[in-house]
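Take a look at it first, and then we'll go pair by pair.

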Amino acid sequence: MKLADTGLTAEDIKAKAKRYIIETYERFDFVAETAKDMYMYSTDGDAYLDFYAGIAVNSAGNCNEKVVKAIQEQCQDLIHTFNYPYTIPQALLAEKICTTIGMDKIFYQNSGAEANEAMIKMARKYGVEKYGPNKYNIVTAKMSFHGRTFGAMSATGQPDNACQIGFGGMTPGFSYAEFNDLESFREAVSENTIGIMVEPVQGEGGVHPATKEFMTGLRRLCDEKGILLLLDEVQTGWCRTGAVMSYMNYGVKPDIVSMAKAMGGGMPIGAICATAEVAGAFTPGSHGTTYGGNPVCCAAALAEIGELLDRDLARNAAEMGDYFCDKLKTLPHVKEVRYQGLLIGVEFDQSIKGVDVKHGCLERKLLITAIGEHIIRMVPPLIVTKEDCDKAFGIIEETVKALA
């Protein structure tokens, strides 16, 4: 929808949003109207270089032509049907995902949080049915983030995070250990533990990649204890980290993996994939979804994943990640640059606040986000070029120098 078609001004749109929408976000002060590839365009005609990609969603570029075409064509045939009949996009996407990442079965959801909820439910049901009524505890990492639904936020290892404050007691059945500390996880595993659930790269926790020793050690620990390895790849999945899935960087394979974000190219879709044995825990009536596996979303995901794989955007993510982060390390007041592929966190010293860098970049027409007090995070579309990286770096450098 274009502003000109409404008879309103950009300020009218902002006013209506403020009047009627429950706001839990700090808004960018412009009205986004269109987007293409690496740029988002406002109703004022300003072009913003997009280095957040809808938070790691638009990985094949904003409004990717093949994704748009798939959506348009599917809308003409079948928009929604629920999961009683088979549908063509759903079946083709299931085959594409399972064969690509080496898993047996898939269950569709609408988002990353829902995918993590499904992963938690599947693991707990598997444990209770196989081992007994108390075998449902899951160990997650401190400073993790798994979503804002009740089970997912209970799994999140941040008791002081705003997503947990004020909602009463969390869902029982979770314990927490130090990320990248294998011994801490070993100590947290009890006789009632059924699984260990981690992000290969902690995104909201400050962009902290897991070490190879930690990830391979978790796999061995799970095998040793007869429990499940659950990987949250909502943000890291689908070529973001220089491999199709981040776990492929470590040479491990999970028992269940969650995904969303880049999977749909902008359409709301998530999923879990599991081994055949663990997937058997979900039986008729044990879990369900009205919109999960929606034909339009599946068609979009099939096109998006096709673009990511056919254009080898995992390789570009690895190459551009190295190139961009080498430049970012030269910024003034940088304490540390942490990244895996194009999931990038830059931590500044105490003199620079991340939110100030975010606002300064916004004024200079670069879109990034901030996490924590002194960290900025960037997750650009995986089609990013050296020229895009150079432009973004120049804006960030100018912003930091102005703040200092």
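This is a predicted model: local features need pLDDT of at least 70, side-chain atom pairs count only at pLDDT 80 or more; totals for chains, interfaces and linings use all residues.

Residues are numbered from 1 along each chain as its sequence is written, and side-chain values use heavy atoms, with hydrogens and water left out.

Side chains of opposite charge can pair when their charged atoms come close. Here a salt bridge means a side-chain nitrogen of Lys or Arg within 4 Å of a carboxyl oxygen of Asp or Glu, and that rule gives 25 of them.

Start with K36 and E65, whose closest N and O atoms are 3.6 Å apart. K36 belongs to strand β1 (residues 32-36) and E65 to helix α3 (residues 65-77), so their bridge ties together parts 29 residues apart in sequence. (Helices, H or I with at least four residues, and strands, E with at least two, are DSSP runs numbered from the N terminus.) K36 is partly exposed at 29% relative accessible area, while E65 is exposed at 59%; buried means under 20%, exposed over 50%, and partly exposed in between, using a 1.4 Å probe and protein chains only.

Now stay in helix α3, where E73 and K69 are four residues apart, about one helical turn. Their side chains form a salt bridge at 4.0 Å, N to O.

E336 is partly exposed at 38%, but R338 is buried at 6%. Through shared partners, salt bridges link K335, E336, R338 and E347 into one network.
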